[in-house]
Amino acid sequence: GFLLGTQQSAVPGLDAQEQRDIDELRQEARFRRDYDGHVWVQGRDGSWVEVRLDAQIPGTLLLRDKEGFLYFITLNIQQIDLTDDYVVAAIFGDGGWEGLMQRVQGKDEAGVLVDAVLDQEAFRDLVSIMQ
């Protein structure tokens, strides 16, 4: 189910111990959830990558690193619920996702293949890499 993240001092309906337990489980699975629900996963190098769903391609996750580079992962799963901590932990907890990441690329005005880069707001507004 959906649980608010650690960046809020108190989560409605949870006592402090339950909150600590949730935070501990998330830390073990190397992810965090912002108070607004956005999911971040931690790479082996310690860097954080934001994750969201592609709204048009089932089973596709979009990722954005701290430099703004855009990646995608396609899984053989039709519906992925990133609001569920157990789903996030199952997909990202073992670190295998890093080997599945593929850079999103497109052609610039000159027709040269370039890596896609988005700021955080544009990433969060992006509907699909098929746009």
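1. Contacts along the chain. Of the contacts between residues at least 6 apart in sequence, 51% join residues at least 24 apart. The structure discussed here is a predicted model.

2. Overall make-up. The chain holds four helices and eight strands. Read from the N terminus, their order is α-β-β-β-β-β-α-α-β-β-β-α. The radius of gyration is 16 Å, close to the 14 Å that the globule rule gives for 131 residues, so the chain is as compact as a globular protein of that length. Along the principal axes, the C-alpha atoms fill a box of roughly 55 × 30 × 30 Å.

3. Surface and interior. Buried residues account for 36% of the 131 residues. The accessible surface of the chain is about 7,800 Å², and carbon and sulfur atoms contribute 51% of it.

4. The sheet. Six strands form an open sheet in the order β1-β2-β3-β4-β5-β6, and the pairing is antiparallel. Which strands stand at the edges? They are β1 (31–33) and β6 (102–103); each has a single partner strand, so one side of each is left without a neighbour in the sheet.

5. Strand β3 covers residues 48–53 and strand β4 covers residues 60–64. The two run antiparallel and are joined by four bridges. As for individual residues, arginine 52 has leucine 62 in β4 as its bridge partner.

6. Helix α2, buried side. This helix spans residues 85–92, and its buried residues are Asp85, Val88, Ile91 and Phe92. Viewed down the axis of α2, these buried residues fall within an arc of 135 degrees, so they line one face of the helix. The spacing can be read against a general rule: an α-helix has 3.6 residues a turn, so residues three or four places apart point the same way.

7. Helix α2, other side and start. Tyr86 and Ala90 are exposed on the other side of α2. What caps the N-terminal end of α2? Aspartate 84 does, with a side-chain oxygen 2.8 Å from the backbone nitrogen of tyrosine 86.

8. A residue to look at in the loop. Arginine 30 sits between α1 (16–28) and β1. Its phi is near 60 degrees, which is a positive value in a residue other than glycine. Is arginine 30 buried, exposed or partly exposed? Its relative accessibility is 29%; buried means under 20% and exposed over 50%, so arginine 30 counts as partly exposed.

How values were computed. Residues numbered from 1 in each chain as written. Predicted model: local features only at pLDDT ≥ 70, side-chain atom pairs only at ≥ 80, totals over all residues. Heavy atoms only, no water. Buried < 20%, exposed > 50% of the residue type's maximum accessible area, 1.4 Å probe, protein only. Arc of directions from axis to C-beta. Polar contact = N/O pair within 3.5 Å; in protein donor to acceptor, adjacent residues only side chain to side chain. Rg over C-alpha atoms; globule rule 2.2 N^0.38 Å. Contact = heavy atoms within 4.5 Å. Areas by Shrake-Rupley, 256 points an atom, 1.4 Å probe, with all protein chains shown as cover. Pairing = 2+ DSSP bridges.
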